[in-house]
Amino acid sequence: MDCDLLIKNGFIIDGTGNPGFYSDLAVSEGKIVEISSKIEYKTPRIIDALGLMVCPGFIDPHVHAELTVLTNGKFEEFLRQGVTTTINGNCGHSITPYSSDNIYEYMAKNGLISVGAKRKNKRFVPAWTDFSGYIDVLKTKGTNVNMAFLLGHGTLRWSVMRDSKNRKLTVEQEKEVIYLIEEGMEQGALGISTGLAYTPSKYADTDEVIKLAKIAKKYDGIYTSHIRNYIGILAAVQEAIRIGEAADIRVQVSHLTPTSPEAFAEILAARERGVEIAVDTIPKTSGHFKKKDRFLQFIASASSNLFEQGLNGSLEPFQIPEVSRKLLKKIRFKDRLLVINTDDPQMENRTLKEIALAKEKNVDELLLMLLENDNNKLTFCQGGLNRWDFPGTPYADDIAHNPLLMVGSDRIFGDVDDPSDWYELFRDGAFPIYFDLCRQKGIRLEEIIRRITSLPAQQFRLSDRGIIAKGKAADLTLIDLDNYSYPSDKEIDHKDPLTMARGVKYTIVNGRVTLDDGKVKEIRAGQLLAKYGKNL
């Protein structure tokens, strides 16, 4: 018998949670065709996996790459972690409805795409008018990893209402949102996502979300939520559970902070009484690094009238004293802002409060001075080099041993042409960092692999992924486990947004070797996934 690829002598952890075993593995036409010892098929390619862990490709359930892929589908940062599938359209932000121009406008107004990227995409990326149209565009572009997509409640609500005001949907607007959800689900979306801490999703009450979740449920969709954390983490998780129970829909609680163990316990209790719920967390992250122009865009995005005047990304609003005062008030915790790339050793890597004290200025005066500076590389860090809510410190025992806990990197992509435009550190090491945190608590390796392979595959109904078995898609990763890591606080260069994980030797996507002995190949083997093993 012939095969396309033969992996020999590997230690296979199959994603089920069962003990690992040594075996060979044969791949043909993108599928796993044989798993047994001493396979002797004829093949053009043999990989000797002696000393390597062979497991299903990892699934990241929380990514924001739906626009990035239109101009760059390489995704090296995922391949080097062993990730072969990403779920996109999270936190209420997605690529539908209506025209691509509408989506670019929404993303720009919310600071999620730079003004330059918006202009470039409108000029060079083919337009689309619905979910299927977006998929058609993406098929012409290709991707190195598999991608699946959610419908964003925030994008839907803003598009139908044409604003982010604090008010209910009218009867006609509600009918339109329902129609758009039905259309997107029929065209292959996995479910709906909310960003209940953001405008405009935050203006939706629980009843509105339940009503819309019931529409996704008709298509066996999932409800994922950036929870309403401003009401308290536990209360926000309880709201997500209430939505799941009322709509009888699967629930994914997104990027839950490990500082709230009682919230994780609430999720486990809900599962035990029959709610099909799971949770992801960011293992570790820095704050958001934003170059000056992008920082200005985020400030302007807090005031929709500035976008109406076309002033986003411009210093012009700050020249009007009363406007500048209003805008500066919108910046939370501005005295804690850290600055880098200042060209001044006295200011570098210090907070605005520290610099203001040394210069005998107030923080607002200092911030205006920095914004007026002609140094376009000046970068502000919001949240610090280590964020308090995802510190990367050992998990509490009941969090570490929670069987529903998976990794969600929440990887946010800045401008493709300028990775320093907007970035966070440690997100590109989410999976090795999670490995380390779990192993510190004595979690079995097989259990860690189950949580990041078959658990998300089951949760999102990707029925042909997440397990190594005959007939399943050949999404695989081969890892030198002793060297699987990401730089620590002491090792990281906070000016380098492209720091990658180490230790993955091979990542195989649909049977094609995409990371080959540590080298990335842009062969675009990724597929666009719908539920139940179907491709879009």
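This note goes through strands, cores, cysteines and helices in a predicted model.

1. Ground rules. Residues are numbered from 1 along each chain as its sequence is written, and side-chain values use heavy atoms, with hydrogens and water left out. Because the model is predicted, local features need pLDDT of at least 70 and side-chain atom pairs count only at pLDDT 80 or more, while totals for chains, interfaces and linings use all residues.

2. Strand pairing. Helices (H or I, at least four residues) and strands (E, at least two) are DSSP runs, numbered from the N terminus. Two strands pair if DSSP finds at least two bridges between them. Strand E18 (residues 379–382) pairs with E15 (residues 288–291) through four bridges, in the antiparallel sense. Within that pairing, Lys 290 has Phe 380 of E18 as its bridge partner. Strand E16 (residues 338–340) is joined to E18 by three bridges, again antiparallel. Here Leu 338 stands opposite Cys 381.

3. Nonpolar cores. A nonpolar core is a set of buried Ala, Val, Leu, Ile, Met, Phe, Trp, Tyr and Cys residues joined through side-chain atoms within 4.5 Å. Buried means under 20% relative accessible area, exposed over 50%, partly exposed in between (1.4 Å probe, protein chains only). The largest core has 111 residues, and Phe 58, Trp 128, Val 253 and Phe 435 have the most contacts inside it. Helix H16 (residues 430–440) supplies the largest share of this core, seven residues. A second, separate core holds 20 residues, including Leu 366 and Phe 380.

4. Cysteines. A disulfide is a pair of cysteine sulfur atoms within 2.5 Å. The count by this rule is zero. For Cys 381, the nearest cysteine sulfur is that of Cys 91, 19 Å away. Cys 381 is buried, at 1% relative accessible area. For Cys 438, the nearest is the sulfur of Cys 55, 14 Å away. Cys 438 is also buried, at 0%.

5. Helix packing. Helices H13 (residues 352–359) and H14 (residues 363–372) pack at about 100°, with axes 9 Å apart. Axes are lines fitted to C-alpha atoms, for helices over the stretch in contact, and angles run from 0 to 180 degrees between N-to-C directions. H13 and H14 are therefore roughly perpendicular (65 to 115 degrees). Contact means heavy atoms within 4.5 Å. Among the contact residues are Leu 352 and Ile 355 of H13, and Leu 366 and Leu 370 of H14.

6. An exposed helix residue. Glu 272 lies in helix H9 (residues 261–272). Glu 272 is exposed, at 63% relative accessible area. Glu 272 and Gln 173 are 37 Å apart, C-alpha to C-alpha, and 99 residues apart in sequence.

Note on methods. Angles under 35 degrees count as roughly parallel, over 145 as roughly antiparallel, 65 to 115 as roughly perpendicular and the rest as oblique.
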